[in-house]
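Student: I would like to learn how to read a protein model step by step. Could we go through a few of its features together?

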Amino acid sequence: MEKHQLERLIESYLLEKNFSSATVKSYKIVFKYYIIYLKENYIEYAKTSDIIQYRESRRSLGYSTHYIYVHMSALKGLYRYLRINQKSLNLPTQYDYDIMVPIKNERIKASIKKPILTLDQARHIILHTKNTRKYIWHYRDHAIIYLMMTSGLRRIEIVHAKREDYQIVDEQWLLYINKKGRKSDEEFVKISKGAGIALNDYLNKRKDDHPYLFISHRSVSNKGHLSRTFFYDMFPRVLKDCGLDGLGITPHCLRHSAATFNLLRGGSIEATKSLMRH
């Protein structure tokens, strides 16, 4: 099969639905891997059993429940669209039945205390914190959240990061990891273009010689790093401003989300483990 007939229908589905650009991007990745699976197994018209086998093939590769949930949700929407429009689009009768109906999607257990942001939620937080910057601490908070959401940095790594740890190497922005005052010359994270711009915007507004990358801007601030309670004050305030409070989102969710987004962009399990420094 050189070109699967579903590819044309997927294009129509994505064009017709009023999805955000972030959702379209993630769904395109989902459908890309699904089409590859169909071609490799010479499946022209998938059955429910094929969907189950595809789901299990994803699971056997080590993908998370959330990642599989996104895949199944995308396929549910596609096959529902094909069933509803089977006659109007003059599709084969095989699409008259929604093969996804028997598939029960695996939801994230309510007991999990650290949910993962959707692409839309992540984009909303980034844009809102950027567009509402007024005071220097707004620039700081935007840069911190952008960094954590794209590089998977932990809170403790943000707190202990120093200006000297932030460097440009071969035209790539890097942040060397500083753990409790000790910097590793081998462990670092690559800073995305957007996060780098946010960080530079913040640093350019700083008029001090404070050694730490992020500092408190209260009048009682000293030369030390941010306090351990900093995130307990900053993060809920940002979520409330974004209209996302009450959803159980914590700072550590940003790290989990960074891993999921990397997988959704097509990153391998190995590359994602490297990103998370596991």
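This is a predicted model: local features need pLDDT of at least 70, side-chain atom pairs count only at pLDDT 80 or more; totals for chains, interfaces and linings use all residues.

Student: How long is helix α6, and what span would be expected for it?

Tutor: The general idea is to compare the distance from the first C-alpha to the last with an expectation of 1.5 Å a residue. Helix α6, residues 136–151, has 16 residues and reaches 22 Å, close to the 22 Å expected. Helix α10, residues 251–264, has 14 residues and reaches 21 Å, close to the expected 20 Å.

Student: How many residues of α6 are buried?

Tutor: A residue counts as buried when its relative accessible area is under 20%. In α6 that holds for 12 of the 16 residues, so this helix is largely enclosed by the rest of the structure; among them are Tyr139, Arg140, Asp141 and His142. Helix α10 is mostly covered, with 12 of its 14 residues buried, including Pro251, Cys253, Leu254 and Arg255.

Student: At what angle do α2 and α4 pack?

Tutor: One reads the angle between the two helix axes together with the distance separating them. For α2 and α4 the angle is about 85° and the axes are 10 Å apart; angles of 65 to 115 degrees count as roughly perpendicular, and these two helices are therefore roughly perpendicular to each other. The contact involves residues including Tyr27, Val30 and Phe31 of α2, and Tyr67, Val70 and His71 of α4.

Student: How many aromatic pairs does the structure hold, and how should I read one?

Tutor: There are 13 aromatic pairs, and for each one reads the distance between ring centres and the angle between planes. Tyr45 and Tyr95 are edge-to-face, 5.8 Å centre to centre with 70° between the planes. This pair links distant parts of the chain, 50 residues apart, with Tyr45 in the loop between α2 and α3 and Tyr95 in the loop between α4 and α5. Tyr45 is partly exposed, at 26% relative accessible area, whereas Tyr95 counts as buried at 5%. Elsewhere, Tyr13, Phe19, Tyr27, Phe31 and Tyr81 form one aromatic cluster.

Student: Which charged residue lies over the face of Tyr139?

Tutor: A charged end can sit over a ring, and the distance to read is the one to the ring centre. Lys205 lies over the face of Tyr139, at 4.8 Å from the ring centre, and the charged end of Lys32 sits over the ring of Tyr33, 5.6 Å from its centre.

Conventions:
Residues are numbered from 1 along each chain as its sequence is written. Side-chain values use heavy atoms; hydrogens and water are left out. Helices (H or I, at least four residues) and strands (E, at least two) are DSSP runs, numbered from the N terminus. The expected span of a helix is 1.5 Å times one less than its number of residues. Buried means under 20% relative accessible area, exposed over 50%, partly exposed in between (1.4 Å probe, protein chains only). Rings of Phe, Tyr and Trp (its six-membered ring) pair if their centres lie within 6.5 Å; planes under 30 degrees apart count as stacked, over 60 as edge-to-face and the rest as tilted. A charge sits over a ring if NZ of Lys or CZ of Arg is within 6 Å of the ring centre and within 35 degrees of the ring normal. Axes are lines fitted to C-alpha atoms, for helices over the stretch in contact, and angles run from 0 to 180 degrees between N-to-C directions. Angles under 35 degrees count as roughly parallel, over 145 as roughly antiparallel, 65 to 115 as roughly perpendicular and the rest as oblique. Contact means heavy atoms within 4.5 Å.
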